[in-house]
Amino acid sequence: MKTKSATLYCLDFYFYLKNIANDTSISFGWNTKTAKQMIIEVTSHIDNRWQHSRSTYKSPSSESYQIWFKMKRMKGSIALFHALDEIKIFEGSCDTQLIITNGTEFTSSDLSQPPGVPLLDATSINEPTGNNQKCKLPYQLSIDNSTNTSNWDMWFCYNNQCPTNNEDFSTCTLANYGLISIEPWETNKTISTLINENMITRDFVGGEQCLLYYYYITLDDDIDYGQQLSVSIRSDNISDSEIEIDRLSIVDMKENRWHSRNVTFNSTSTSYTVIYI
């Protein structure tokens with residue numbers, strides 16, 4: 001490939017890998033005459049069907065580079081089949097699958113159950129409201145303008161308002177967040193973002209850095225569907241260096257609300273990619 005003005009590209013492909021007992025995988029990456037970088041590694045899955053993968057990567061600074069893929073297995077001696085299809089590369093980030101919203105369009109008059117998506121972003125519960133006080137969460141909503149209230153806890157502003165410590169309702173701060181949906185036929189989705197030294201808010205000592213993020217994953221009556229969130233980093237100057245720094249499961253998802261997460265990790269690089277799966 002020849003590098004254009006864009007430095008971010010999206011690798012999109014379908015793959016087939018069966019039989020998880022044999023630890024099979026397919027790796028994709030790029031290489032130039034002087035450097036080599038892995039973009040993503042996908043592993044075998046118990047489902048006997050095509051899987052879809054998208055991953056954002058930063059192109060090398062050279063004018064041209066090659067895309068490579070490697071298929072491997074760690075054990076076993078039976079014949080295995082690997083398949084790839086619809087391999088595409090687009091300019092720009094893969095994060096176009098994100099819906100950028102402030103959440104207000106999801107506000108519903110149906111108060112029989114908690115909202116299934118955030119009604120506002122995390123800023124609304126962390127920043128002062130219009131009366132300079134923060135939201136007092138959780139709370140119960142009044143039903144039909146009566147003294148009856150919902151039998152579940154509300155963890156968001158409703159109609160862009162929330163109660164505060166003086167018991168008055170005040171206007172919330174609005175900002176956007178990224179919403180992603182995993183459809184019934186999908187097993188995972190990947191989003192990524194590039195981090196450089198201009199985005200790091202404090203100096204790090206001895207390679208120790210801290211990642212702060214907020215997450216929301218819908219709970220459906222506490223049913224365990226295998227919900228997980230994996231966070232990894234990949235240095236832009238070291239080949240094959242994707243390292244998982246955090247993993248969440250259903251035990252970390254206690255209510256349908258925003259949760260904050262602080263993760264300390266070691267990295268001497270000031271330029272790397274953070275990957276959420």
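Leaving out neighbours within four places in sequence, Thr123 is in contact (heavy atoms within 4.5 Å) with Thr173 and Ala175. The model is predicted; local features need pLDDT of at least 70, side-chain atom pairs count only at pLDDT 80 or more, and totals for chains, interfaces and linings use all residues. Residues are numbered from 1 along each chain as its sequence is written, and side-chain values use heavy atoms, with hydrogens and water left out.

- Thr123 lies in helix α1, residues 123–126; helices (H or I, at least four residues) and strands (E, at least two) are DSSP runs, numbered from the N terminus.
- At 26% relative accessibility, Thr123 counts as partly exposed, where buried means under 20% relative accessible area, exposed means over 50%, and partly exposed lies in between, with a 1.4 Å probe and protein chains only.
- Thr123 and Ala175 are 52 residues apart in sequence, and their C-alpha atoms are 6.6 Å apart in space.
- Glu127 belongs to the loop between α1 and β8 and is partly exposed, with a relative accessibility of 39%.
- Not counting residues up to four places away in sequence, Glu127 touches Lys134 and Thr173.
- Between the C-alpha atoms of Glu127 and Leu174 there are 9.6 Å, although the two residues are 47 apart along the chain.
- Ile223 is placed in the loop between β12 and β13, and its relative accessible area of 35% makes it partly exposed.
- Ile223 and Ile250 are separated by 27 residues in sequence and by 8.7 Å from C-alpha to C-alpha.

**The chain as a whole**

- The secondary structure of the protein chain amounts to one helix and 16 strands.
- Of the 277 residues in the protein chain, 38% are buried.
- Among contacts between residues at least 6 apart in sequence, 73% join residues at least 24 apart.
- The accessible surface of the protein chain is about 16000 Å², and 49% of this belongs to carbon and sulfur atoms; the areas come from the Shrake-Rupley method with a 1.4 Å probe, and for residues only the protein chains shown count as cover.

**Sheet β4-β1-β6**

- Strands of a sheet pair through backbone hydrogen bonds, either parallel or antiparallel.
- β4, β1 and β6 form an open sheet of three strands in the order β4-β1-β6, with antiparallel pairing; two strands pair if DSSP finds at least two bridges between them.
- β4 (51–58) and β6 (82–91) are at the edges with a single partner strand each, so one side of each is left without a neighbour in the sheet.
- On average, neighbouring strands of this sheet are turned by 20° against each other, direction ignored; axes are lines fitted to C-alpha atoms, for helices over the stretch in contact, and angles run from 0 to 180 degrees between N-to-C directions.
- Strand β1 (residues 8–17) runs antiparallel to β6 and is joined to it by eight bridges.
- Leu11 stands opposite Ile89 in β6.

**Sheet β3-β2-β5**

- Another open sheet of three strands has the order β3-β2-β5, and its pairing is antiparallel.
- Its edge strands are β3 (36–43) and β5 (66–73), each of which pairs on one side only.
- The twist from one strand to the next averages 20°.
- Seven bridges connect strand β2 (residues 24–31) and β3 in the antiparallel sense.
- Opposite Asn31 stands Lys36 in β3.

**Aromatic rings and charges**

- The count of aromatic pairs comes to 12; rings of Phe, Tyr and Trp (its six-membered ring) pair if their centres lie within 6.5 Å, and planes under 30 degrees apart count as stacked, over 60 as edge-to-face and the rest as tilted.
- Phe156 and Tyr216 form a tilted pair, at 6.0 Å centre to centre and with 55° between the planes.
- This pair links distant parts of the chain, 60 residues apart: Phe156 is in the loop between α1 and β8 (161–163), and Tyr216 is in the loop between β12 (208–215) and β13 (229–235).
- Both Phe156 and Tyr216 are buried.
- One aromatic cluster is formed by Tyr9, Trp30, Tyr57 and Tyr65.
- Lys36 lies over the face of Trp68, 4.7 Å from the ring centre; a charge sits over a ring if NZ of Lys or CZ of Arg is within 6 Å of the ring centre and within 35 degrees of the ring normal.
- Arg257 has its charged end over the ring of Trp155, at 4.4 Å from the centre.
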